[in-house]
Amino acid sequence: MTGGAYEELSQTGEPGPKTLELLLRMVHQVRRASGFPPPEGYTQWSDDAACDVITAMLTREGAGQKFVTACFALAISDATLERLFLASIKNFLIDEAKKTPRGKLRRRIARLMSEDTSFRRRPGSPPRWALSCLPEDAVWQGDLDDLIAEASRVDGVGITRWNHSGPTPRKTVHALMTVLTRVLRHAQGAVREEDLAKVLESRFGLLAPARFTTLFADDGTLADPAETDTAAAPSDSTGASGEAEDIWQRLTADERQLLPYLDEDAHHAAQLLEIGQAQAVLAGLKAKLRLALSQDSDREAAMRALLRRCEDPSPEPPL
């Protein structure tokens with residue numbers, strides 16, 4: 001084919017109408033083949049949504065238009081340029097999907113299912129999962145609302161701990177796997193990973209605003225999270241953030257790791273985090289928190305700020 005994007009880039013060195021037209025077509029091809037969600041601000045794919053993806057790729061800090069010239073430098077024809085654009089767009093959409101709350105949920109359930117022989121990942125794209133006991137070529141093609149309804153009928157499981165970083169608590173894993181097993185048995189075929197995430201999101205409200213439990217009971221001891229109300233948290237105050245930062249600086253590395261697992265037994269926490277003498281560390285952490293969170297402070301707000309501090313990335317080591 002002559003007069004296409006490859007020739008346009010050969011002559012001008014910059015993306016013009018032909019190149020942008022090709023990029024638009026490639027975005028639609030990738031999203032149809034891989035099932036990526038539309039960009040933020042859109043409920044479904046359209047030319048405008050695809051154009052937003054292209055704009056985001058072209059204006060990325062540190063990369064931007066370089067991906068076009070990099071692809072062109074490796075291409076020898078319009079056909080090879082198309083394949084290179086396809087790969088770049090797919091990688092970009094993968095990176096964007098991973099940043100979303102649902103993308104993080106998808107990665108978590110994929111990891112958990114990959115560690116359980118009851119589940120099998122079906123080869124190909126988009127990623128799909130099925131029960132290992134089902135035929136390999138069985139693919140579910142039903143209504144998502146039907147799977148959501150089936151998940152809602154699963155009794156006796158719930159999630160009281162949902163950490164946004166670190167290992168998934170044991171009881172939470174049990175709840176997730178119970179619902180996934182029931183849903184996949186009902187589907188009788190492989191279900192898209194994206195759809196499974198939507199089912200769990202609906203069943204447990206996993207992507208709803210964070211909910212927190214009271215740290216201390218009336219007698220001053222650490223409260224059992226299963227016995228406390230999980231009312232929506234009020235806005236944090238500057239004072240609570242400062243108090244949390246002061247406490248954080250006094251915690252050891254092991255205590256910081258154990259902070260999101262206050263309601264786990266010490267043995268299980270030790271297995272999760274590979275911390276030696278976890279029982280002593282956990283007991284010391286609870287005692288330290290009990291002393292640090294004074295009676296006249298907003299203890300819940302300070303704990304919320306501390307738990308958010310756990311999600312911050314570790315600082316880069318000095319050069």
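Colleague: How many bridges join strand 1 to strand 2?

Modeller: In this predicted model, strand 1 and strand 2 form a hairpin with 5 residues between them, and Gly 124 in the turn has a positive phi of about 110°. Across the pair, Arg 122 has Arg 128 of strand 2 as its bridge partner. The two strands run antiparallel, and the number of bridges joining them is 4.

Colleague: Which strands are the edge strands of the open sheet?

Modeller: The open sheet has 3 strands in the order 1-2-3, with antiparallel pairing. Strand 2 (residues 128–131) also pairs with strand 3 in the antiparallel sense, over 2 bridges, and there Trp 129 stands opposite Val 191. The strands that pair on one side only, and hence form the edges, are strand 1 (119–122) and strand 3 (191–192).

Colleague: Which residues of strand 2 are buried on each side?

Modeller: In a regular strand the side chains alternate between the two faces of the sheet. Both faces of strand 2 are covered, with Arg 128 and Ala 130 buried on one side, and on the other Trp 129 and Leu 131.

Colleague: Which residues of helix 8 are buried?

Modeller: An α-helix has 3.6 residues a turn, so residues three or four places apart point the same way. The buried residues of helix 8 are Thr 172, Ala 175, Leu 176, Met 177, Val 179, Leu 180, Val 183, Leu 184 and Ala 187.

Colleague: Is Cys 133 buried or exposed?

Modeller: The structure holds 0 disulfides, and Cys 51, at 35% relative accessibility, counts as partly exposed. Cys 133 has a relative accessibility of 67%, which is over the 50% cut-off, and therefore counts as exposed.

Colleague: Where in the protein chain is confidence lowest, and where is it highest?

Modeller: The chain averages a pLDDT of 75, and 72% of the residues score at least 70. Where pLDDT is low, the predicted coordinates should not be read in detail. By mean value, confidence is lowest in helix 12 (residues 266–273), at 54, and highest in strand 2, at 94.

Conventions
Residues numbered from 1 in each chain as written. Predicted model: local features only at pLDDT ≥ 70, side-chain atom pairs only at ≥ 80, totals over all residues. Heavy atoms only, no water. Pairing = 2+ DSSP bridges. Buried < 20%, exposed > 50% of the residue type's maximum accessible area, 1.4 Å probe, protein only. Disulfide = S-S within 2.5 Å. pLDDT = per-residue confidence, 0-100.
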